[in-house]
Amino acid sequence: MELVDAIEIPRVGNVFLRQGPRREQRGSLILMGHHMIFAPQADSSNDPNNTANKEEFCILHRMIDRVVSEPRSRDPNSKGGILTLKCKNFMICVFEVLELDECMAAARTIETLSNLNGFSLDYPFFYRCPFTILDDGWRAFDVESEFARVSMNAPEMFRVSEVNKDFKVCASYPEKVIVPRGIGDDYLRISATFRDGGRFPVLAYFHRHTKSPIFRCSQPLIGPTNRRCKEDETILNALLSIARGIIIDTRSKVNAQSAKAKGGGAETQQCYSQWRYVTCGTPRIKDLHDSLAKMVDVSIDKSVSSDRWLSRLASSSWLSSIADYLNAAANVAQCVACEGTQEVPVVVHGGEGVDSTILVTSLAQMILDPDARTIRGFQSLIEREWICGGHPFSLRNAHSAFAEGTITGPYEAPVFLAFLDCVWQLTQQFQHSFEFTEGFLLDLFEHSYASEFGSFLGNNEMEKQKHQVRQHTVSLWSYVNNPEILKSYVNVLYEPNESVTWPSVAPQSIQVWERLFLRWQRDWTEVNAIREAAVQWRLKERQLASKALSLRRQLVELMKEAHLAKTLNDVRVAD
Amino acid sequence: MRFEDILTPRVDKVQLVDRWGAESNICGTVHVTTSHVIFKADEGSREIWLANGLIGTVERGSLSVAGCPLLIRCKHFMQIHLLINRDKVCQELYETLVNCSKPTNIESVVAFENRDQNEDARGWKRLEWMTEFSRQGVSSSWMKTDINANYKSCDTYPEQLWVPSTARTPLLEGSISFRSRGRFPVLTYFHRTNGAAIARCSQPNAGFRARCVEDETFMTLIGKANPHQEIVYLIDTRPMVNAMVNKVQGKGFEDERNYANIRSYFYDIENIHVMRSSQIKVVEACARAKTMTEYLKAIDSSGWLKHLRIVTECSLFIADSIAKGISCVIHCSDGWDRTSQTVSLAQLLLDPFFRTIHGFQVLIEKDWLGFGHKFDDRCAHIGANNEEAPKEISPVFSQWLDCVWQVWRMRPRAFQFNERFLIELHEHAYSCQYGTFLGNCDSDRKSLSLSTRTKSLWTHLDSRRDDFLNPFYEPASFGYLLDIDIRASSFVVWSGLYNRFDEGILPREDIYNSTMATIEHVGILEAHVAQLRNKLVELKQQLGKSAPGNASIMADSGHGSSSGAEGVDGIQSPTSVSISGFGEESGYCEGLLQPVALKWMSERDATSCSSPNCGFEFTSRSERRMHCYRCGKIFCRRCVHLTSDERERVCNLCNNAS
């Protein structure tokens, strides 16, 4: 199919932007294969102060979550229509269109183009990179370099396995994974048959001081008949040295038990006697999706009364979900960093091991690992854990909070967004400990739903390879690491810090991420100005400090010189 | 506090229990003095000092194996859980603490023990009515009246009052007799720009039929005092229902038909009893709630945020009307609770002066202390033995501070003060350590001779002015604050206040504190760089390289402050500017210059004072961390002091080293 065929109407003239990313304005809509462009009308008023709004703005069709077109009024004689575009970043654009027919045609066009099946026609494949790529994001992070980082501190513990070559063992894993050193590929193959989706235990993180690793996998397929798998047990036991290990299940106890009837389940005490099994319940993805829908619904409601705001906030349970995830991650981090003096291996899994499992293991790394709190380290974490780790972005992020009806399925869930929200909570509690800004998190959120870059295309590495995403699209990291762009994401207030950022997970500490949920409702001048002022002071402090340092050095040099001159002089006098 | 009320001045082997169960109990000793209750750990440096006035309620549980539990809930939201070995000792301590918390006579509170004669009288003169009204630029259509000299007309008003200059004494007397407790409409704020004014009063004794021609005429005169608009908005801050109930009791509200020039508005601000139980619930939620759902439900059912929003909404309406040139008269029932809240918040929104540290104090002196908010009763300074006393307690002033904080949070750059200032004010409204918030009204304070017998809180705050500065204050950028967003989502729980003593819950790193430290450090570095430059020039001259060398230093300096390259460097990787740590690089100035720390310790790691002899643990986030200029480490207030030339703040170690 050609995208052009879907465009019923290429241009809708004389529309009125009633609500959107800027003030009300007249202009026209231009519909293209991947974008919708709003071009403001040439300004007739000649107001010289009104320069900001002369520029067009464009929205990727993929960014649009839901399209609604309706007649402007019930009066059959009025011809106009109203086109409402609800976007995946929670922005809502409302256009008044003169002709209802045009409005409907535009709506149908956008609806089709924003819901294309698959991603082979997506914008990243057509995007021409306007900058030269200095640092190719597709090559920046690979298993080998991660392995090198890990094995520096643990030379004999792990190895890189290519058991998943051509994705034969597990469709959602990358071809190379890090596994315990003493375990052969045959064991991994057998373990894969015992784990949901073939996701056998692989290394997620290794703590260089306590030597405790975090492994992740999917649930064991114990089933109603109580199957067991000796090879799987051997793999886990290979991680143990002295202390008992801990298995953390991200499902609630009830959910983990009921999974057994459907062929899944959880490790039993008999078969995994050297492991302690703990549940840290986090929401199911379906519930998380509903939660977001409710949360966004209450945030965009401008007239919500004080009586309803808090109760609707509570009933959305978005904040409790965030608290649950943070709590689970803090538990994992605590096992790794504190539990006794001996190393304590931790295995994390939920059901399929691609959602809350990844969220919890990656969030635990944000807490534990100072590297993950840098921009580069954070990219690496997302690339390793989320993109290569097989979080199904295409399925989960097909729609966000507004879509309903047949265009959505059971697979959408804002798991990655929940992760970003959790990270944001950390950055709020530690404003000087993260190298990136809030803006970086927000941009990641938008790119994960609709992007000109290929990083979040497909559900796993296998799909990426099949569609040659790495060959034909630009990685988001190539863009981010461009020095000009990178500057805008750097948190100048960052102070590198080796210590663990233990978050408070008490409900009193969890806040609404206002910049995310109230972004289009509120004015941010104040927040930006405060930030900017703090940044300016910090820069000034640094400049002065380095100035003082260089002056001190000059002074020391001069004093040496003076001393030398004096000595020479003394010698001469003595002569 | 009388000495004989202290049954047990000292209790040993008391265990301090961590409320969150995260840490193990700390064993120590409790000392009770006439001014403070002190817990001192046997080992380590943990100390808690609690001013007796801050003790709210004391509860004791039943004896168990662990000991006898005692819970002290404080008025500044600290909660102290103690375990005491013996039941009898616990009972004695319990009684002692109860005695401490409820002095029967206001003259036995701590403030009166401050017999320091060196009191700086400026604190007691924070508000001079005449000065303040001339600052406001009151026009000749208002005049001062002596009708309340010696508090003879209204015992809860100040002696000096301003009324329309056209109003004659009989008219005033008529209005006084028609208003509840004689609190007739008087000027509190004059808006110079357009001549509109805010007047405040109590409810009329209107009942269903009563009229008072003088009061009606008086209202017309208030209208006429405004050169542009004779209409006056009459704002009754109470819900309509409450106002109706008062009508039955012969009070109530003005009938628009009898007052030619008024438009009435009602706002649903609830009474002191509702606010009291609301705050108890919100504090309970902050202290206890374990899960997110539980917490949000509890906050919701407390209704606290809703109340804050209504108070703010009403104040915004007043401010907006004044900005539009319409005078407002505000009352509730007695005109000292809700009226004080809304009238003062409206002025804060209108006049940038009230957003300065000094102006804010003037505002409190004027609309809270001056016009008779009953601090003794509302804050329970004394535990009177009658049954009515508990019903008089209400967090009206706290609630107003909370509203101020909400506005502060929306427009932080408009305020000279920071959050710490509001928290400090909240504490001392209750602590009874200073005389400022004692007494129920102006005449009370005068008869207690507070200004000679006690210290003023303002003098204390003046001495710590640096602690309260907001690094982001932009004095010139903000006029009216009428565009604040008062949607429900804008009001949040002030955890800085309610969870003030829960170290673990508040953000570990705070941009206000760190930026304030940065600004201070920048000042020191600038002086240091200048000093270094001078020294360099001096040395070069000695070495006979004056001219060229000098030029190169100057050129260098030009780059230093403005060069873009250096800035970009800084942005790209903060790690690359590796400034040597504490104390290093000191060889440069052996005997030449005072050492100056290039890097300051970050507040994140500063949970306790860096002095090895002290090790004082900071008990709350809002406690100021002080850097030593020479070594850059963080100390508590006790371990640093100013050098004799007042140029440097140094720690004891650095001081001894020099």
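How many salt bridges does the rule find across the interface of chain B and chain A? The rule finds 4 of them, a salt bridge being a side-chain nitrogen of Lys or Arg within 4 Å of a carboxyl oxygen of Asp or Glu.

Before I go on, a word on conventions. This is a predicted model, in which local features need pLDDT of at least 70 and side-chain atom pairs count only at pLDDT 80 or more, while totals for chains, interfaces and linings use all residues. Residues are numbered from 1 along each chain as its sequence is written, chains are lettered from A and ligands numbered from 1 in the order in which they are written, and side-chain values use heavy atoms, with hydrogens and water left out.

Let me stay with the interface between the chains. One of the salt bridges pairs the side chains of Glu526(B) and Lys540(A), at 3.1 Å from N to O. The rule also finds 21 residue pairs in polar contact across the interface of chain B and chain A, both residues being at pLDDT 80 or more; a polar contact is a pair of N or O atoms within 3.5 Å, where within protein one must be able to donate a hydrogen and the other to accept it, and where residues adjacent in sequence count only if both atoms are side-chain atoms.

Which elements of chain B each supply at least two residues of the side that touches chain A? They are α6 (272-288), α7 (292-302), α8 (304-323), α13 (396-410), α19 (511-542), α20 (546-562) and α21 (564-572) of chain B, with helices (H or I, at least four residues) and strands (E, at least two) taken as DSSP runs numbered from the N terminus. Of the side of chain B that touches chain A, α19(B) gives the most, with 18 residues. Sorted by class, that side of chain B has 39 nonpolar, 21 polar and 24 charged residues, where Ala, Val, Leu, Ile, Met, Phe, Trp, Tyr, Cys and Pro count as nonpolar, Asp, Glu, Lys and Arg as charged, and the others, Gly among them, as polar.

Turning to extent, 84 residues of chain B are in contact with 74 residues of chain A, contact meaning heavy atoms within 4.5 Å. The size of an interface is often given as the accessible area lost when the parts come together. Chain B and chain A bury about 6900 Å² between them, with 63% of it on carbon and sulfur atoms; buried area here is the accessible area (1.4 Å probe) that two parts lose on being put together, summed over both. On the chain B side, Met292(B), Glu509(B) and Arg604(B) lose the most area to chain A, together 10% of what that side buries.

Now to the inside of chain B, which is divided into domain 1 (3-103), domain 2 (127-498) and domain 3 (503-542 + 588-658), the bounds coming from an automatic or database domain assignment. The C-alpha centres of domain 2 and domain 3 of chain B lie 41 Å apart, and the contact takes 13 residues from domain 2 and 12 residues from domain 3. These two domains of chain B bury about 1100 Å² between them, 60% of it on carbon and sulfur atoms. In domain 2 of chain B, Arg420(B), Pro471(B) and Phe472(B) lose the most area to domain 3, together 46% of what that side buries.

Across the interface of domain 2 and domain 3 of chain B the rule finds 2 salt bridges. Asp467(B) forms a salt bridge with Arg624(B), and their closest N and O atoms are 2.5 Å apart.

I will finish with chain A, which has 21 helices and 14 strands. Along its principal axes the C-alpha trace of chain A spans about 100 × 95 × 50 Å, and of its 575 residues 58% count as buried. Is Lys230(A) buried or exposed? Lys230(A) counts as exposed, at 53% relative accessibility, and is found in helix α6 (residues 230-237) of chain A.

Note on methods:
Buried < 20%, exposed > 50% of the residue type's maximum accessible area, 1.4 Å probe, protein only.
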